[in-house]
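This briefing covers how the chains of one model meet and how two of them are built. Please look over the sequence and the structure before reading on.

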Amino acid sequence: MHMNSLLKVENLQMHYFTSKGAVRAIDDISFELRRGETIGLVGESGCGKTSLGTSILRMPTPPGRYVSGKILVDGVDVIPLPEKEVRRNIRWQKISMVFQGAMNCLTPVYTIGRQMMETLNEHSDLPRSDAEDLIREYLGYVGLPPEIVQRYPHELSGGMKQRAVIATALFLKPEIVILDEPTTALDVIVQAQIINLLKKLKKQFSLSFIFITHDLALEAEISDRLCVMYAGKIVEMGSNAQIYGAQGPKHPYTERLLGATPRLFKKVEQLQFIPGTPPDLIAPPKGCRFSPRCDKAFDRCFQEEPPLIEIEPGHRSSCWLHQRG
Amino acid sequence: MTDIILSVKNLKKYFEPHQSFAQSIAGGGQKKLIKAIDGISFDIRRGEIFGLIGESGSGKTTTGKLVMKLLEPTSGQIFFNGEDVTHLGKEKLKEYRRKVQMIFQDPYASMNPRFKIKDVLEEPLIIHKVRATIEERTKMIVKALEEVKLTPPDEFMGRWPHMLSGGQRQRVATARTLILNPMMLVADEPVSMIDLSTRAEILHMMRDVQKELGLSYLYITHDLSTARYFTDRIAVMYLGRIVEIGRADDIIDNPLHPYTQALIEAVPEPVTGKIDIIKELPIYGEIPSPANIPKGCRFHTRCPYAADACKDEPEPELTLDGEEHYHACRRAYEVQAERKKKQAV
Amino acid sequence: MNFADMKYRLSEFWSEFKKERSGLVGLAILILSLLVVIFEPVILPWKEANSKWRNIDYWQDNSASAPPAWTNAFTKLKAPETVRLEKAEKEEAELDGGVKLVTYTFDYHYGADKAPLDVIFHITGHGDVPVQVSVERPDGTTLDLAQRFEQGLAGQDIRISLDNDGREAAFSFIKNYESAEALERYSGRSLRTGDILFNVAREGMAMEFKPLKGTYKLVVKAMLLDPENSSVENPYVVVTGSVSGILGTDDSKRDLFSGLVAGLKWALLIGLLTSAISVLIGVIYGIISAYFGGAVDSVMQFVYQIVNSMPVLPVLIVISAIFKPSIYMLIAVMVLFFWTGSVMTVRSMALQIKEETYIEAAKALGAKKSRIIFKHMVPILIPYSFASMALSVPSAIVYESSVSLLGLGDATIVTWGQILHDAMQGAAILKGIWWWILPPGLLIAIMGMTFAFLGFSMDKILHPKLKTR
């Protein structure tokens with residue numbers, strides 16, 4: 001095992017078992033998160049990126065269940081661990097998460113301080129006064145004044161609430177923080193401020209991030225490496241430079257997704273888009289899952305599923321085009 | 001003047017904050033008004049897509065609602081087709097709403113979950129008593145669905161909103177507005193809740209419809225990058241005022257107001273080499289509350305270029321600078337020079 | 001909303017409802033009750049129990065305060081059950097002088113350990129008809145027990161009760177077996193006909209009853225003196241036992257099972273009608289109050305609070321005492337108070353729905369207030385109102401019963417509350433007539449529970465649906 005490997009996901013499969021059948025939300029996914037690195041998980045809604053986040057935290061949303069694969073944290077598979085053990089040693093201690101829309105899920109009737117305290121109590125046995133000090137300390141780190149603890153959520157702006165949520169995720173000094181769309185509901189300026197804050201915190205606490213978003217432009221700002229997900233699978237994986245550099249992405253889906261990302265300074269006549277909708281994950285299409293929406297698809301794409309192969313060092317893509325020459 | 005379809009003149013909307021009985025006694029009747037819209041003026045030309053850009057709290061949505069007559073303005077005037085529509089009676093209002101339609105931000109919430117698509121599209125026809133027979137109505141619904149490229153229409157008519165994707169729903173919402181042959185559409189963040197991959201598709205569809213039917217749009221958004229593609233002209237709002245207004249390209253390539261600059265700087269670009277850079281934003285802190293608007297230039301509390309005059313002297317009005325390009329900043333030249341210097345480096 | 005949508009929503013509702021056990025129990029009882037109401041004419045042992053509940057004549061052949069027939073299973077000496085014999089063998093004979101003799105013979109199988117209380121013959125006559133009744137016992141002896149000569153009949157019922165009309169004849173029958181001294185001790189009147197008729201003929205039979213089991217032939221003979229102008233029809237015999245029917249009788253000889261079955265539909269009607277009307281009013285009231293807000297809301301909330309704080313039962317009692325209302329009046333009065341039940345919840349839900357974007361969208365399309373309320377808001381709140389309706393059914397039933405219990409109910413119908421009231425008047429508890437109190441009491445409780453079960457289950461399923469996304 002690689003010395004710097006902090007988290008390793010191996011052939012993970014997690015399906016939602018609904019009355020209509022098993023939804024294959026995560027279908028054979030492998031990746032590795034190194035110490036001090038930010039990995040971006042990007043894809044359309046419903047591609048399984050949030051499911052992957054909660055799965056890594058070992059709390060798949062019911063009716064989701066692990067089917068196969070491993071999640072190795074410091075070399076130990078966390079899937080078979082008892083819940084108690086996970087709560088004591090893994091969740092929030094090693095890996096924490098900023099959930100999507102968490103800032104809007106704060107209880108309106110309690111103060112921010114009280115809600116932060118509750119999270120803290122749930123995961124540690126810190127005495128009250130120490131906990132209060134800790135909260136103040138961390139509010140400082142995210143750029144909030146300590147008086148915030150006495151405020152109610154409705155008195156704060158979206159950006160302030162998100163900062164408080166981020167502080168809450170850092171309390172127990174995790175090594176990995178999963179950030180699920182942490183800026184989606186925020187305005188551009190606040191978004192840029194939060195991204196700046198995350199970069200600062202990452203350095204300060206030597207964190208590793210898993211940054212989940214649907215916005216490729218945002219990933220360019222923060223992610224060292226990118227995993228592009230489509231229909232429960234990783235279709236392309238590469239470094240920031242490989243995806244956003246002059247050569248551009250290799251998988252047609254990433255290419256199209258990048259083309260659909262509006263660019264402020266590059267004036268083009270027509271914005272691109274990807275026609276159609278992502279497939280039903282109960283019965284995904286035969287062959288490559290992107291084939292029904294892909295304009296480059298040929299016979300083989302509809303028959304066989306392409307493997308995720310390395311096309312250059314550190315750059316993987318699953319497309320039959322690469323083998324066609 | 002006939003080429004102007006909608007004209008807003010010095011429009012203001014103040015809200016009274018909710019106060020409990022005890023508060024109103026303690027406060028001695030002194031209420032802090034929330035100045036959501038504080039004197040804005042703009043014109044929308046016939047066949048034009050006019051963008052209204054701003055952060056949340058800038059008053060852009062309130063402006064949309066005022067134009068839609070969902071709110072009554074505190075003062076100011078709205079002219080539609082040369083006619084004063086600021087205050088309308090019941091019948092006139094209904095007539096106005098037939099001509100001006102709205103697309104809402106959240107396609108999941110803007111349709112009654114208990115209405116099928118057919119019912120959603122039939123509603124405007126029923127409200128405005130258009131076409132008596134069911135066959136004729138159905139024909140119009142089919143036509144509207146085809147216009148927004150939801151085909152085959154028959155299949156979509158029987159579906160429930162929850163069975164559609166966000167993009168499809170926003171198409172239905174568009175079809176609902178088109179079915180009455182309006183002259184103008186107010187679109188409040190129509191694509192912000194739609195997946196990036198299909199966002200452009202909806203915008204294309206909306207623009208095709210606009211060109212085909214000669215509509216005018218008031219496009220309200222916080223997203224500058226879609227605005228650049230979609231709109232002809234842009235007005236940038238900050239705390240209930242328009243701070244800059246001009247052609248979309250001019251605004252983005254040559255912003256004259258520091259707030260517009262900050263907005264542009266903040267937009268992420270999908271290019272490599274930015275991971276280790278902490279972006280320097282030419283703006284401080286967060287937007288103040290509209291109940292507490294700073295004296296002087298309302299942006300000075302966050303402005304890195306602010307001088308004493310910005311604090312003490314009355315708020316600058318919009319001034320023309322270049323072709324059709326207005327801004328409300330007394331230090332615009334300094335700002336521009338500073339920016340050019342930075343770009344050169 | 002068309003049929004297919006309805007079906008879709010119902011099937012969706014049903015798939016969740018299936019998981020609610022108490023709801024299913026409630027539903028089963030409700031369906032059973034509805035079946036009973038539908039098949040009431042078949043089920044009712046006393047067909048005219050509805051219209052003749054307070055008619056003493058209709059019930060006179062029954063025994064008073066008779067326990068249910070099945071109590072025999074728990075006693076050593078079996079009591080005879082009240083039976084009505086309608087199958088008769090008919091014989092017609094021409095006598096001299098153009099007189100016609102019609103004979104009806106009924107077979108009665110007697111197998112109990114106690115004597116029946118009475119044997120009552122009924123026959124409908126026209127013209128001048130002398131009637132004679134006799135009984136042929138299993139031991140072969142025949143007793144001519146009574147005769148009657150009715151003249152100028154026009155379809156009236158001739159009723160001959162052996163206990164009243166046959167005592168003389170019965171007394172003369174025991175004379176054959178008992179000594180004169182023994183007879184001295186009985187003044188003919190103190191012996192009941194049944195005690196003699198169904199006794200083993202022997203010395204000492206007046207002293208002790210020993211059942212003579214077997215088949216008795218109960219014969220009624222009618223002489224048609226002028227066959228052209230006189231006739232008889234519809235003969236039947238009631239043997240009045242000391243136990244009766246499924247649930248016994250009350251002290252006015254009324255069959256309680258018939259009363260309770262007849263009362264079921266009124267319980268359902270009172271409960272459902274009251275709750276349906278009051279919930280409908282409450283829902284619309286709540287929505288209007290929420291939608292218009294401001295001064296309208298304040299006034300409506302004020303009215304609501306006044307009505308809501310008025311005690312229902314005292315007002316109901318006063319109104320009933322003064323006006324002696326019909327059942328429909330009573331329902332109307334209950335609605336007057338019950339509508340407040342759902343107002344607050346509906347108002348708060350409506351306040352929430354009012355803020356939904358699709359309401360604003362409808363406004364932007366130019367929709368009128370009435371359209372927004374009735375097309376957009378009411379349909380979403382209707383499912384909730386079903387649940388709240390089911391929950392208010394029990395109180396309606398109980399309130400009606402309470403008013404009836406005080407003797408202030410509608411005197412033209414039978415309700416469970418009235419039966420309970422009669423039981424109280426008849427001192428049923430003191431006399432130990434438990435079958436008069438327990439069944440109506442239990443039924444009121446079960447009916448209340450049924451709707452409570454239904455209501456709670458529906459509430460559980462339909463409530464979260466309000467989160468429309």
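The radius of gyration used here is taken over C-alpha atoms, and the rule for a globule is 2.2 Å times the number of residues to the power 0.38. The model is a predicted one. For the 325 residues of chain A, a compact globule would have a radius of gyration near 20 Å, and chain A agrees because its own value is 20 Å. Of the 2 pairs of chains that touch, chains A and B have the most contacts.

**Chain A on its own**

- Chain A has a secondary structure of 11 helices and 12 strands.
- The C-alpha trace of chain A spans about 65 × 50 × 40 Å along its principal axes.
- Of the 325 residues in chain A, 49% are buried.
- Among contacts in chain A with a separation of 6 or more, 64% are between residues 24 or more positions apart.

**Where chain A touches chain B**

- This contact involves 41 residues of chain A and 35 residues of chain B.
- On the side of chain A that touches chain B, the elements giving two or more residues are helix H6 (188-204), helix H7 (216-222), helix H8 (240-244) and helix H9 (252-260) of chain A.
- H6(A) gives the most to that side of chain A, with 9 residues.
- Sorted by class, the side of chain A that touches chain B holds 21 nonpolar, 12 polar and 8 charged residues.

**Where chain C touches chain B**

- Here 17 residues of chain C are in contact with 19 residues of chain B.
- Helix H14 (357-364) and helix H15 (369-405) of chain C each supply at least two residues of the side of chain C that touches chain B.
- H14(C) provides the largest share of that side of chain C, 7 residues.
- The side of chain C that touches chain B has, by class, 8 nonpolar, 4 polar and 5 charged residues.

**Chains A and C**

- Chain A and chain C are joined by no contact.
- The closest C-alpha atoms of chain A and chain C lie 12 Å apart.

**Domains of chain C**

- Chain C is divided into two parts: domain 1 (3-43 + 256-466) and domain 2 (77-240).
- Taken over C-alpha atoms, the centres of domain 1 of chain C and domain 2 of chain C are separated by 54 Å.

How values were computed:
Residues numbered from 1 in each chain as written. Chains lettered and ligands numbered in written order. Predicted model: local features only at pLDDT ≥ 70, side-chain atom pairs only at ≥ 80, totals over all residues. Contact = placed C-beta atoms within 7 Å. Helix = DSSP H or I, 4+ residues; strand = E, 2+ residues; numbered from the N terminus. Nonpolar A, V, L, I, M, F, W, Y, C, P; charged D, E, K, R; others polar. Buried ≥ 20, exposed ≤ 12 C-beta atoms within 10 Å, placed from the backbone. Domains from an automatic or database assignment.
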